[in-house]
Amino acid sequence: MICYAVIDTNVLVSALLSSHDDAATVQVVRKLFSGEIIPLFSKEILCEYDDVLRRKKFGFSEEAVDLMLRTIEKYGESVTPSPSGEILPDMKDLPFYEVVLEKQDSEAYLVTGNIKHFPKKPFIVTARELLDILNQK
């Protein structure tokens, strides 16, 4: 089962920080690399990934960050979202929400560790919930 997903930056950070191969975020990133999850992104999202993943406090290697970004760009789909007019608790999350809205005809999901930052919608899920959805299909 292949699905489209907007991956929140916190999911990528969590996966790269994790030392557990069975962590849900690690499994989601693994599925991204295997092609089971097609990442959706916009220019704004790519810029945020690049900025956050290169922060010194995380200590991610340049190689790991470059591989992550190249994989998302190469195997993902760039989306130019329409403005939604939505007001979110953290407006920095709006690009992620608008990209997933743009692809609802493809049953896309937004995968995040911050569910409370978004409206309660069935397509906004945690990494564990996305894995459960994929296992059911």
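Predicted model: local features only at pLDDT ≥ 70, side-chain atom pairs only at ≥ 80, totals over all residues.
Tutor: Residues are numbered from 1 along each chain as its sequence is written, and side-chain values use heavy atoms, leaving out hydrogens and water.

Student: How many helices and strands are in the protein chain?

Tutor: Six helices and five strands, in the pattern β-α-α-β-α-α-β-α-β-β-α. Helices (H or I, at least four residues) and strands (E, at least two) are DSSP runs, numbered from the N terminus.

Student: Why is α2 called oblique to α6?

Tutor: Two packed helices are described by the angle between their axes and the distance between the axes. Here α2 (residues 24-34) and α6 (residues 127-136) pack at about 55 degrees, with axes 8 Å apart. Under 35 degrees is roughly parallel, over 145 roughly antiparallel, 65 to 115 roughly perpendicular, and the rest oblique. So α2 is oblique to α6. Axes are lines fitted to C-alpha atoms, for helices over the stretch in contact, and angles run from 0 to 180 degrees between N-to-C directions.

Student: And why are α3 and α5 oblique to each other?

Tutor: The axes of α3 (residues 43-53) and α5 (residues 94-102) come within 9 Å and cross at roughly 140 degrees. That value belongs with "the rest", so α3 and α5 are oblique to each other.

Student: Which residues meet there, in α3 and α5?

Tutor: Glu44, Ile45, Glu48 and Tyr49 in α3 meet Pro95, Phe96 and Val99 in α5, where contact means heavy atoms within 4.5 Å. They divide into five nonpolar, no polar and two charged. Ala, Val, Leu, Ile, Met, Phe, Trp, Tyr, Cys and Pro count as nonpolar, Asp, Glu, Lys and Arg as charged, and the others, Gly among them, as polar.

Student: Does Glu129 count as buried, exposed or partly exposed, and why?

Tutor: Glu129, in helix α6, has 37% relative accessibility, so it counts as partly exposed. Buried means under 20% relative accessible area, exposed over 50%, and partly exposed in between (1.4 Å probe, protein chains only).
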